[in-house]
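Okay, everyone, let's have a look at this one together. I'll talk about charged pairs and then about a surface patch.

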Amino acid sequence: MSKAMQAIMTAVLLALLGGCAAPQPWVKPYEREHFADPIMSMSRNPVSDVYLEHVFETREGARGATGLVGGGCGCN
Amino acid sequence: MQLSGAARSAHPSAIFGLTPFARTLCALIVITAPVIAGVLPEDRADVLWHYYNGGDITVEGPEVLVRKKVGDSLSLTAGYYEDMISSASIDVKLSASPYHEVRKQENVGADFQHGKTIYSFGYIHSREPDYIANTTVYSLSQDMFGDLTTVTMGYHRAWDQIYRDIKVNGIIQNDPTFYERADHRGYSLSLSQIVTRSLILGFNWELLTDQGYLANPYRKIRYASPGVGEGFTLADQVYPNTRTSNAGSVQAKYYLPWRAALTGSYRYYTDTWAIRAHTYQLQYTQPWKQWIFDGGIRYYEQTHASFYSDLFPYADYQNFMARDRELAAFHSIDVGVGAAYEFPHVSWAPWVNRSTFNVKADHLTVDYSDFRNALLAGIYGAGNEPLYVLNANIFQVFVSIWY
């Protein structure tokens, strides 16, 4: 293995190991009060949002990835 | 319900535009949407009445969703949805007669929390006289990086049984010569990311695959037949038996300094039927005393499917042929407003933590680029009719209770 290749492998290995370090949360838990406000919910009323999405989906060719599934506010 | 002697020109599910599969997908969202990784959803009940009127179709009905925790790590949901349809749409008028129908759907689900992970399961059953759909859904949400990031992976599988109604001696029944099946699979990946104290982003990707009978057994194509009738002849649609779609979206929600929220989103969609679509949405939320007001606009545009045509040149022009409006090229605009009023805490119901009364109204306009009003062929000639425009009003009234 050439020195150049060794250097590249070492760099890649170090990069991968560096990636293992968990990043520190830059928005502290006590700074997330805005996300606890109901108006910041991605879907404040799921039943209503889903119904309206249902109206659109039935008229359109596109489907999926509406963003209504999942999500998270990290506000716990 | 009134049918033509043969069959209706539009599948009842597609009158609302909706296939049972689409409805099922919606139900999946009902089950999984409230999940925030690391935190089980709040105990909550919603009772909603929906009303849609547009294009000579009225669809209304109730929807109920109840969620309740059992212990510290399990949350159960149960829901019911109903559509009562009165349809005399342009599709129905073309070759059949107006009808009334009821569709019903039940769903149950469970969310189980283990540490910062939530496992969700759900089952949905929907039925109407000529369509039965069963769906199972599974998802997993994981909080990470100090709860700034939430990753959700989902999978669902659906099995549909498709029938066709006919009228025999004045009685509507399933056509004994017609029975089809369709299977559906969906894979989704979502990520939400807190970026700043006031900004949260969401990324979503979803792959959907369908296999089986994907056409509408009632709707027809038309092909040119100069000198015959109004210049066109109706024939059965022929769809491919498979479809795969990919959709990706990004959302941003920003908290404004005066306690308001601004939401923007974009979605790109593509599938193996050559439909490409873009969806843009903008919404503003403003609380005021006991009220929360919402206003929003949504713009959508799509290209037509490769086998779609409003008027084929002649019979058997190509192997696949469709004239469903949902596969045409069009753009649409929806403008919506809403208001929610939070009731004061009531002493006679101490178990109620919060309760709200909500109303929402939307106006939807769909401008088709290559779907013409075939009912006017006698005036303008086949292929020269005015392009069809759909205007619809949508209302929702619902009560939500947290307990």
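This is a predicted model: local features need pLDDT of at least 70, side-chain atom pairs count only at pLDDT 80 or more; totals for chains, interfaces and linings use all residues.

Residues are numbered from 1 along each chain as its sequence is written, chains are lettered from A and ligands numbered from 1 in the order in which they are written, and side-chain values use heavy atoms, leaving out hydrogens and water.

Here's a pair between chains: Arg259(B) meets Asp37(A) at 2.7 Å, N to O. Asp37(A) is buried at 11% relative accessible area, while Arg259(B) is partly exposed at 35%; buried means under 20%, exposed over 50%, partly exposed in between, with a 1.4 Å probe and protein chains only.

Now within chain B. Asp324(B) and Arg219(B) form a salt bridge, 3.0 Å from N to O. They sit in loops, 105 residues apart, and both are buried. They also belong to a salt-bridge network with Asp91(B), Arg325(B) and Glu326(B).

What about the surface? There's a nonpolar patch of about 590 Å² accessible area together, its residues including Trp49(B), Met84(B) and Phe343(B). Patch members have over 30% relative accessible area and no salt bridge, with like charges joined within 9 Å and nonpolar side chains (Val, Leu, Ile, Met, Phe, Trp, Tyr) within 5 Å; areas come from the Shrake-Rupley method with a 1.4 Å probe, only the protein chains shown counting as cover for residues.

Terms used
A salt bridge is a side-chain nitrogen of Lys or Arg within 4 Å of a carboxyl oxygen of Asp or Glu. Helices (H or I, at least four residues) and strands (E, at least two) are DSSP runs, numbered from the N terminus.
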